[in-house]
Amino acid sequence: MPPKPGPIERGGVARSFDAHARTYDKLVGSNPGYHAHLRLTAKRMGIPNRGRGLRLLDVGCGTGASTAALLDAAPEAEIIAVDASAEMLAQAHRKTWPRTVRFVHGNAENLAMSGIVGPFDGILAAYILRNLVHQDAALRQFHRLLRPGAPLAIHEYSVRDSLRSRVVWTMVCWGVIIPMARIRAGSTDLYRYLWRSALQFDGIKALTGRLISAGFEDIRVQTVPGWQQHIVHTFLGRRPPDPTAATAAPAAAADIDPEAITPAEGIDMTKPPA
Ligand SMILES: C[S@@+](CC[C@H](N)C(=O)[O-])C[C@H]1O[C@@H](n2cnc3c(N)ncnc32)[C@H](O)[C@@H]1O
């Protein structure tokens, strides 16, 4: 008898997505705000001129929800979208894309192995950093792949700094997401992992510090509207425009209040309230 699969671990997440690929879009589609929040994050990257003449990278593109958000923010850019799950990519391929969008099967921890080389004018990593084994190395890799001055957007659950966020997150996972996965996907392993991994992942201050250590500057953290407020965040950083600035003393992590009231468009949580 084959051994019973153990709990999902960070490094094996893409394999688990293979098994859930066919039901993924239905599940995230019933999550109010999922697509709108991805579009908000892509917009927050501030890609100029509809992306004309620019190259963007979507790391951990899955079935293409984050790719569609990038396309919405920069419809004229060339977009490379990479994922380690062949089945998630197969779902992405079933959709209609302009010729400027290319999907690549590869590991986000070593993009060069899949022939992905910079420079990029922007990188979006939505709901993937939490799943990587070597997160600091991945951030440094994104930094290297960016053109000086270009933005990185990490779109992620980050609940660790707020008791309220952890409680709401747990209630939504066990009250809605996990029961829905049981009905729609017939298995809850990936979604129990989702709950656990988000609780274990960096709080806002820790991830801000990691971005600074990886060489990013101009860090901004904003949350999203809806039940995900103070649960889902956009972490923005920029590769310094002047390559020599990367070696300057890092700025102190911004003072962030993870429970600040947020208007619909989100707020810059690194700035003191007016
Ligand atoms: C939660 S999904 C997010 C998909 C998409 N970005 C979105 O916003 O809907 C996470 C994706 O990351 C992919 N992934 C996980 N680990 C990966 C790795 N090491 N390299 C590339 N993709 C990975 C999974 O296969 C999955 O498709």
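## Strand pairing and the sheet

Strands β4 (residues 122–126) and β5 (residues 151–157) pair in the parallel sense over four bridges. Two strands count as paired if DSSP finds at least two bridges between them; strands (E, at least two residues) and helices (H or I, at least four) are DSSP runs, numbered from the N terminus. The bridge partner of I123 in β5 is L152.

This is a predicted model, in which local features need pLDDT of at least 70 and side-chain atom pairs count only at pLDDT 80 or more, while totals for chains, interfaces and linings use all residues. Residue numbers start from 1 along each chain as its sequence is written.

The protein chain has seven strands and eight helices. An open sheet of seven strands runs in the order β3-β2-β1-β4-β5-β7-β6, with mixed pairing. Its edge strands, β3 (101–105) and β6 (217–223), each pair on one side only. From one strand to the next, the twist averages 15°.

## Helices on the sheet

Helix α4 (residues 86–93) lies across β2 (78–83) and β3, and runs at about 160° to β3. Helix α8 (residues 204–213) packs on the sheet, where α8 touches β6 and β7 (232–238); the direction of α8 makes about 155° with that of β6. Axes are lines fitted to C-alpha atoms, for helices over the stretch in contact, and angles run from 0 to 180 degrees between N-to-C directions.

## Burial and cores

Of the 274 residues of the protein chain, 42% count as buried (20 or more other C-beta atoms within 10 Å of the residue's own, with C-beta atoms placed from the backbone). Nonpolar side chains in soluble globular proteins tend to be buried together.

The largest nonpolar core has 60 residues, and L70, I79, A108, I123, L124, A125 and I128 have the most contacts inside it. Such a core is a set of buried Ala, Val, Leu, Ile, Met, Phe, Trp, Tyr and Cys residues joined through C-beta atoms within 7 Å. Helix α3 gives the most to this core, with six residues. Another core, of 13 residues, lies apart from it and includes Y157, V159, W169 and Y191.

Beyond its neighbours within four places in sequence, I123 is in contact (C-beta atoms, placed from the backbone, within 7 Å) with L57, V59, F142, L145, L146 and L152.

## Ligand shell

The ligand is surrounded by 21 residues, of which G60, G62, A84, S85 and A108 are the closest; a residue is near a molecule if its C-beta atom, placed from the backbone, lies within 6 Å of it. Helices α1 (13–29) and α3 (65–73) each supply at least two residues of this shell, and α1 gives the most, with three.

Notes. A residue is buried if 20 or more other C-beta atoms lie within 10 Å of its own, exposed if 12 or fewer, and partly exposed in between; C-beta atoms are placed from the backbone. Two residues are in contact if their C-beta atoms, placed from the backbone, lie within 7 Å.
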